[in-house]
Structure formats: structure tokens, C-alpha cells
Amino acid sequence: GIHDAAAARPRGPWPSRQRRVDGRGGATIAAMRHATAVRRLRQITVDAASVNRLETWRRLVGIYAFGPVLDRGDEMDAVDVALVIDAPAAELPWGVVPAWATAMAHLLRLDKAPVRWFLRPSAWPVSNHAIRRPVRIWSLDGPDDDALDAIAGGRADRLRLPPPTRTARREQAEVELAACLAHLRQVAGEYWDRGWRDEHQGFGI
């Protein structure tokens, strides 16, 4: 399935009564306070301990926070996280969400709170055009409490990944574009196969 910013539009329950107008569609979206966002990040890192106990999907190897929560803004629409997965890059082009990833997100309770989540294969850099200078908050060693405390205190900048060089950014973009196009060609070629559609029913491409 495709899981982009629109598909990841945060849903309730909402932790704040403050609301603002969403410029995309005119609907109102509740705003989340920074302290609430940090608590949500902490809970995600706690829930992550159980994810790899099941062997029905790829292994989660890292969780990174990025976006407004690192800037310590007063309010935000949602928490942004990147899930780094030990999987072939060809399996996780940008925007593609396999069925097992949806189940993983459910275990992390990302569908129960305003969280925008994105997948990154471990073979590629975490950063891209949307994920800018993230901070790792969980690894296979467990939650990174120092990073979470720094985010809570507005001191996350020193822990953020450095921005890629212009050359590295361009080269990585070319690699990922090629992977996305290859995936689209594969889907287009297999879509009319009834068995393929049955296996992918409910998850788009």
C-alpha cells in the first residue's frame, strides 16, 4: 500500500482541545502540545520492545523522530517517526507499506494516536526529502533515554543527524527514484494476475 503524508493524516483521539484549520481540506485538526508529543514518543519506544518477538515480518532495528517535535514548537498536528526496517531496499521504496508493516504499526499503537509514520530500509540513509535531520530514539539496545530527554528539554539539535551533502542527496534520490519506478512497473505487470490481487487485497500497491 502507499503510505504518504496524506494517508498518514493523523487521527484521534486528540490530546488537546486546541484546534486549527487544516489548509488541505478546510477541516479542523486538534493540536498536540509538545509535552504530549514527547510522551507519545516514549510510549512508542516502550512498545517497540515487543515488536521483534514475532517472526512473521521484517525486523525493526531503529526508530527516529523528526519534524516539529524536535523544534519544541508549542503545538503540532502529529508526531513524526521513521521506522528503520532490516529489509531489502527494493522491498521498501518510498511510500510502500507491506501488509506486515501495517501489523507492526498496530502493535506500536501508531494507529491509536496522531502519529505520522514512515518506513526506511536499513540499507538506505534514514534521511530523505521528507525526513530531515532525525534523532534516533530507539535501537535494538532499547529506548534512547538521553535522546528523549533532550527532545523534551528542547536540546535535540546536538543529536540530530547531519544533513547530507548536495551530491549525496542527489545520488540517493536517483537510487530511490529508480526503486520506486521498478516497484510501479512490477505492480503494473502483476495487477491483472488474480492470485497477486488476492494476496494484496486491501493494501493497494
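**Stop 1: Arg42 and Asp149**

Select Arg42 and Asp149. In this predicted model, their side chains meet in a salt bridge, 2.8 Å from N to O. Now show the secondary structure around them. Arg42 sits in helix H1, residues 34-47. Asp149 sits in helix H3, residues 145-152. The pair links distant parts of the chain, 107 residues apart.

Arg42 has 27% relative accessibility and counts as partly exposed. Asp149 is partly exposed as well, with a relative accessible area of 37%.

**Stop 2: Asp47 and Arg109**

Stay on helix H1 and select Asp47. Its side chain meets that of Arg109 in a salt bridge, 2.9 Å from N to O. Arg109 is in the loop between H2 and S7. This pair also links distant parts of the chain, 62 residues apart.

Colour the two by accessibility. Asp47 is at 9%, under the 20% cut-off, so it counts as buried. Arg109 is at 38% and counts as partly exposed.

**Stop 3: Glu91 and Arg58**

Next, select Glu91 and Arg58. They form a salt bridge, with the closest N and O atoms 2.7 Å apart. Both ends are in loops: Glu91 between S6 and H2, Arg58 between H1 and S4. The pair therefore ties together parts that are 33 residues apart in sequence.

Glu91 has 25% relative accessibility, which is partly exposed. Arg58 has 33%, also partly exposed.

How many salt bridges are there in the count? The count comes to nine.

**Stop 4: the aromatic cluster**

Clear the selection. Pick Phe66, Trp94 and Phe118, which form one aromatic cluster. The structure holds two aromatic pairs.

Begin with Phe66 and Phe118. Their ring centres are 6.0 Å apart. The planes make an angle of 55°, and the pair is tilted. Phe66 lies in strand S4, residues 59-66, and Phe118 in strand S7, residues 115-121. The pair thus ties together parts 52 residues apart in sequence.

Both rings belong to buried residues. Phe66 has a relative accessible area of 6%. Phe118 has 8%.

Stacked requires planes under 30 degrees apart. Trp94 is in the loop between strand S6 (79-86) and helix H2 (99-107), 24 residues from Phe118 in strand S7. The pair links distant parts of the chain.

Which accessibility class does Trp94 fall in? At 22% relative accessibility, Trp94 counts as partly exposed.

**Stop 5: the whole protein**

Zoom out and switch to cartoon. There are five helices and nine strands. Trace them along the sequence: the pattern is β-β-β-α-β-β-β-α-β-β-β-α-α-α.

Buried residues make up 42% of the 205 in the protein. Switch to a surface view. The protein exposes about 11300 Å², and carbon and sulfur atoms supply 52% of that area.

Methods: Residues numbered from 1 in each chain as written. Predicted model: local features only at pLDDT ≥ 70, side-chain atom pairs only at ≥ 80, totals over all residues. Heavy atoms only, no water. Phe/Tyr/Trp six-rings, centres within 6.5 Å; stacked < 30°, edge-to-face > 60°. Helix = DSSP H or I, 4+ residues; strand = E, 2+ residues; numbered from the N terminus. Buried < 20%, exposed > 50% of the residue type's maximum accessible area, 1.4 Å probe, protein only. Areas by Shrake-Rupley, 256 points an atom, 1.4 Å probe, with all protein chains shown as cover. Salt bridge = Lys/Arg side-chain N within 4 Å of Asp/Glu carboxyl O.
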